[in-house]
Amino acid sequence: MICAPKLEDTVMVAGSERRELIEDERSRIIEHLQTGTEMMVYQQRPERFTVQVLMETMQVALIRSRDRIVKVLDIFQLKEVRQWATFKDFQQFNESRGSKFRRIFCQSEKEVQRDSKTCFTIFYGSEFILKSLSLNADSVDDAEKWLTGLELLRQETLAAHTPEIIESWLWKQMYSVDKTKKNSITLKELKSLLPEMNITVPGGRFLEERFVEVGAKDYVLDFQQFHKFYNLLIFENQKVLLEEFEKGPAAFTMSNTDRPESSVLPISDFQNFLLSRQKETWAENLNKIQELMTIFIDDTMRKTDYPKFTAGEFLCFLFSKENSIWDEKFSEICPLDMNNPLSHYWINSSHNTYLTGDQVRSVSSTEAYVRCLRLGCRCVELDCWDGPDEPVIFHGRTMTSKIKFKDVVKAINDHAFITSEYPVVLSIEEHCEPKQQKVMAQMLKDVFQDKLLTEPLDPEAEHLPSPNQLKGKIIIKHQKINESDHTDKMEEENGNRVARSKLDSFRKIGNACREKQIRKAKENKVLEKEGELCIWDPIDMRFYKHDCIISDNKLYYSEEKEEDSPMDGSDLHLSEPWFHGRMAEGRITAEKLLHDFCKGKDGKDGTFLVRESDKFIRNYSISLWTRRRVQHYRIFWSSENGHSSFFLTSKQCFPSMCALIEHYRQNLIEYDGFNLHLKSFLPRLNFVSHHQMGWFYSNLSQAKAEEYLLRIPRDGAFLIRQKEEPYTFALSVRVEGVVEHYLICRYNSKYVLPDIYEFFSLEDMVSCFREQLFNGKIKLRYPVTPQLLERFCMEDLSTCDSELYSEVPKDNPLGHQCKGVVDILKCTVARNAKHGRPLVVTLLNKENLKLIEFTSEILEQVEEWYKAVLNIIQNKFMQLNNALFSLNGGTGYVLKPEWMRDPTKKKPSKQNIRIRVIAARHLPNPDHIVSPFVKVELLPYTGDEVDDYSFKTTLLNDNGLNPVWLGQGNQPKCFEVDEPDLAFLRFEVSEEDTFSDAKLLAQATFPVRGIRSALTPRGMDSTTPLKVCCGIWHQDVSSRSFKSCKLRGGASMDRTCLFSTSHRCSIGLRSGEFGGQVNTSNSLLGSSNHS
């Protein structure tokens, strides 16, 4: 159970400060919450539940009947408990979330106001868009107690000490298997629980022996015995760490370390450890050390004036948040640092603040503003457009939903200064006419009143005012537009629209035009990656080249690029009758065809066919009938300086396969002991040239043709069918998801599309429109053959429908050439050998299960694109943003380094950081026991060699509870920091998936200047309140001028610290958007020395 950290608490609920509580009042409120209260809960439909707080696990439970818990919320995930100003606000909020309300009839204004005081909403979760639970108590007194009590417990949970957090977590583990609520756990239940705790069940009689050791009877543990068992389990693999403290400064020895309680560390040795190795100046005060030690001492008899740590308690301290890597002075606001002009600060800012998803068709919400402001954002964006009666906010010219400007302003007013008292900037992107601009101005004045900054603080000042001067103020950032300017702007927009329409009518798409348009579209876009990729087409079953760009966390790709016709004749064989292409079951099918063809011809030797190799890409095989059996000879292909070569043996090469076949029809094949001629060939069945096969149907109705074409999820799918009338045909083609039909007439030996084109054959018609746009709309791209339709029946190729991935916005970096767009934040990413390529990147949309697969001709470029995508999915840039603004108490204002504010100042000297990762605890468990490794990065990379800025530990199999990284494979790493004021350290805990790709489990990012020199663990944010990834890591930071001295001295493990890696849970933010971090964490232990 988590105890209160102090006897008196000041409780904040929805921005209103409630009075201080004395211990008796607190106890009565908590007891009321533990007893439970019957309330109306609004989910999909209103329903009455008993709402109760479970103090052992620190959870809020909804109970439908006696002991039937239907839902629990972890209090550590609570972000806000909001009381609503009016019942109407409460009702509108819940209806927007899908709840259904009964209409209220015949209620007086007083009764409705009373209802609003009994209504409140709990906001919880770890995503950017929080989940919510709305409740309506039967009395105002009940509502007040729950509002006060939940906020009090939320604050206490955040302030809880590590042993209290572990105890609460252990209660949850026990309750997860203790279905009978007997507060005990059997041996069988424990075996099923251990994998959930992220560790393999030890073999032999390990569990039975530990049951005996903790005093269990009949193989059943009560909670205290379960807690002792956990101490034994967590200690077993990590007792080896104690040997690290027998050397170096402040060395000490714990004689017997077989059990967590078998050896002790007196307060004098612990003080020496804190002073000499941890560099804790406060450790001169023995009383403070005593207070710290009593937090971790479980036995009250040892909580004396001279306490002693057991071995297990000492390790628990090392992995605790009380031993954090983060220097807490940077979590405090420095008042003197807040007296500089605003332009001297980095300000935590948000782009498209109103959006909850993508920028094309997601939902706009006032809650997005609330979330950003509560996460410390100090600058938010309002895109304002004319509404029917009043201004609205949305992403213009898209399908995003609209919200009222007035509602946004009210939400900002209610939440602007809850997290930080420093000024909030409203960045207004103005699209409204002057009339509605005046409405906006009046709303700002009415809602913000004296908070709104309307006049300069000092008209004579040479610099901008400081954050201290602007406390509690709302600043409007807006470009004034007068009526004449607005008229000119509208005329200009109308002129541009007409011009664009004319250009669209006459634009001819070609490669030269493509490059020009792409270059123009890029001018106003921030591009994260651009280049040429090969994207897999599941219909043609081949890769096509596309121009691709990553921007705004999206992958944009063009139409497939035209491939130049080979001048060397390397593809001439495709139209030869002896070339059978790719055959199902490869050589087996070839042997059957040749056997059936030759057995009736007295086994004529030399009959052959050529097919694509079923084992080797761009290689082929000759299947040859000889001596009543089939021999297979591999044709090799190579390319050098753009010229292709084909050969059976390297002694004799040919520029094309046709030349090779013609040669061996005239000359002997001297190969593998055989001397044979290629004579007659087995022609391809119903031979026509390769691009015509199967698209003609002699007896197919229009309805059936539409059915066939709509099965193929691609525009450009086509077929030609014979109509009932003589000499008439129909071309059926899919255009923008709709099937269109065009009449073809045969007249004077020509095939005529009325009033448009004439051709000597249908083949010529198809060939023409495979290269040119048909009817100015689309090329005949995908012939709908019976084989293709059969494959669609066997495979679900709709998952490969990248064209339907997302609507292509007009404002995209590829302009008119953009064919499709992939929202990377909605995807998972993997890489593996596929489709005959050594490395293919696969993006799978988690919402609609669509996938896109791409590679590149250059292997290194595939790796670069994969890393670019991975960085977006892992939200690395948002993590750097959060790390930067964790400085200065999370106020949203960080003072720039002095050398950036004053050009006469010099940059600080370079530093060297030496890091070693040692151990971890309580790693996230996705749904299986993890095999973790840790990666450490110094960001940003300022050199050419990536290895100079990152390193990884070895992978440990099947242990996410208490892994240890010691030994020769896990040596310290030294980084050189060019600009310490701008550098970040990022710790990432991952596991390998089935393709040996890193799958992120948790991460933590810190500004280098805020890190203590220590052997510390730092909690990694996750979905549990435990400090996981608690890696003992060693860091030694020194000025460059002292580099040789430090390294020569060996850089011993001067401090042990805990760092927390934040498990972002895919916060789902867009580029430039503000996001928050999860309040719970995991811990990784390592060592550092910062000097």
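**Getting to know this chain, question by question**

The chain has 25 helices and 51 strands, where helices (H or I, at least four residues) and strands (E, at least two) are DSSP runs numbered from the N terminus. This is a predicted model, in which local features need pLDDT of at least 70 and side-chain atom pairs count only at pLDDT 80 or more, while totals for chains, interfaces and linings use all residues. Residues are numbered from 1 along each chain as its sequence is written, and side-chain values use heavy atoms, leaving out hydrogens and water.

Q: Why is T157 called buried?
A: Buried means under 20% relative accessible area, exposed over 50%, and partly exposed in between (1.4 Å probe, protein chains only). T157 has a relative accessible area of 9%, so T157 is buried. Its place is in helix 4 (residues 140-159).

Q: Which side chain joins that of E740 in a polar contact?
A: The side chain of Y742 does, at 2.5 Å. E740 lies in strand 32 (residues 738-747).

Q: How many disulfides does the chain have?
A: A disulfide is a pair of cysteine sulfur atoms within 2.5 Å. By this rule the count comes to zero.

Q: What makes strand 17 and strand 19 edge strands?
A: The open sheet of five strands has the order 17-16-15-18-19, with mixed pairing. Strand 17 (403-404) and strand 19 (474-477) each pair on one side only. Two strands pair if DSSP finds at least two bridges between them.

Q: How do you know that strand 15 and strand 18 pair?
A: Six bridges join strand 15 (residues 379-385) to strand 18 (residues 424-430), and the two run parallel. D383 stands opposite E429 in strand 18.

Methods. Polar contact = N/O pair within 3.5 Å; in protein donor to acceptor, adjacent residues only side chain to side chain.
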